[in-house]
Amino acid sequence: MIRFEHVTKRYADGTTAVDDLSFEVAEGELVTLVGPSGCGKTTTMKMVNRLIEPSSGRILVEDEDIAETDPVALRRRIGYVIQQVGLFPHKTVLENTATVPHLLGWQRKKGRERAAELLDLVGLDPSVYGDRYPDQLSGGQRQRVGVARALAADPPVLLMDEPFGAVDPVVREHLQTEFLRLQSQVRKTVLFVTHDIEEAVRLGDRIAVYGSGRIEQFDTPAAVLGAPASPYVADFVGADRGLKRLSVTPIEPGDLWQPPVVHLDDPLTKAAARLASDGARWAVVLDDADHLHGWIPSDAADGQDGTVRDHARRMEAWLPVGAPLKQAFSTMLQHDAGWIAVLDGERFLGVLTPGRLHEALRRSIDADAGGIARGDVHLQTVTDT
Ligand SMILES: Nc1ncnc2c1ncn2[C@@H]1O[C@H](COP(=O)(O)OP(=O)(O)OP(=O)(O)O)[C@@H](O)[C@H]1O
């Protein structure tokens with residue numbers, strides 16, 4: 001947990017970088033600080049590990065007033081990742097990653113084992129990259145080492161200052177996805193600074209939108225996009241916030257349309273009757289265990305002998321319930337599909353159509369978005385196995 005209580009930072013020249021700031025990052029929560037250059041994000045972050053001292057107010061880390069904690073001991077409990085990474089050029093990747101365990105006096109072997117584990121976790125094979133030097137890595141790989149190093153001593157708190165700012169947009173998106181996966185495993189309390197609203201929305205459980213030295217809005221991504229607290233926030237999140245909202249609105253069971261459903265071993269005549277009674281052009285096909293198999297078009301069922309199995313087609317793609325609407329939209333485009341099946345585990349729940357997707361987006365906007373969780377779910381494709 002990180003708590004700011006009425007924190008102000010005034011620099012010697014009179015600049016007020018942070019003005020009476022109060023907010024809390026709950027345990028295991030990732031809060032993004034987003035705002036234009038010079039609004040006080042970095043100052044906020046550096047006060048947490050005492051690289052900068054506040055002029056007034058109190059900061060608590062894990063219920064402890066950090067003003068009363070030894071700064072060096074404090075920093076060893078807080079992972080810190082910055083844009084320039086700051087790897088030691090003369091040390092190998094493994095040695096760099098083991099820096100904090102080493103400083104904490106861990107045995108060399110234990111530190112190196114832990115470092116190797118972490119490298120693996122951030123997607124770098126330690127047997128391939130462990131003995132390399134930083135200048136033998138790509139920018140994205142260096143950032144991964146930075147993240148591994150920050151996590152090596154298993155600190156409860158992580159500070160990240162534009163950690164993916166220096167890499168190109170494609171690599172950045174990769175690193176973000178990997179970091180979300182990692183965070184879902186390690187559940188650190190994270191303060192993440194960025195000036196990129198897309199990044200803030202994608203990563204944050206909650207976002208603090210900064211104006212000059214102050215937080216203009218502190219809420220979930222959906223709420224910030226759906227109900228900006230002021231014209232300043234609306235302007236900052238951008239005119240296309242409706243689109244951005246697709247990324248943070250999850251598919252809910254109530255959004256789905258229920259098409260006719262038939263089973264693999266149903267006679268075609270029964271399937272045809274079912275389709276006719278619904279006036280539908282296709283039906284979803286489930287197997288004996290009620291798991292999704294695919295679909296059958298009405299003309300394949302019409303006037304034929306045999307069972308649905310003989311004419312059923314495999315489903316190309318499906319999504320888990322809770323996946324973001326944006327994923328549904330891009331899956332529809334990718335597969336040139338008019339609908340996507342949605343599953344809960346292996347259970348078929350219904351289908352999302354473009355019309356239903358639009359209604360879901362509408363619902364989310366109308367709800368003014370209190371506390372919609374980020375759908376951190378990946379596309380899964382049904383294969384012909
Ligand atoms: N040492 C300092 N002395 C005086 N003013 C400072 C000092 N460090 C920062 N500032 C000022 O404090 C304000 C906040 O700076 P800060 O670095 O926290 O902003 P930021 O939001 O992180 O910006 P950026 O996105 O550009 O990194 C700015 O006006 C900056 O010029």
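These legends walk through a few close-up views of a predicted model. Residues count from 1 along each chain as its sequence is written. Because the model is predicted, local features need pLDDT of at least 70 and side-chain atom pairs count only at pLDDT 80 or more, while totals for chains, interfaces and linings use all residues.

**View A. The chain comes in domain 1 and domain 2.** Domain 1 covers 2-245 and domain 2 covers 253-366; the bounds come from an automatic or database domain assignment. Their centres, taken over C-alpha atoms, sit 42 Å apart.

**View B. Here are the 13 residues around the ligand.** A residue is near if its C-beta atom, placed from the backbone, lies within 6 Å of the molecule. Tyr11, Ala17, Ser37, Thr42 and Thr43 come nearest.

**View D. Three strands make an open, mixed sheet.** The order is β15-β16-β17, with β15 (318-320) and β17 (347-352) at the edges, each pairing on one side only. Two strands pair if DSSP finds at least two bridges between them.

**View E. Now for β15 beside β16 (residues 340-344).** These strands run parallel, paired over three bridges. Tryptophan 318 stands opposite alanine 341 in β16.

Technical notes
Helices (H or I, at least four residues) and strands (E, at least two) are DSSP runs, numbered from the N terminus.
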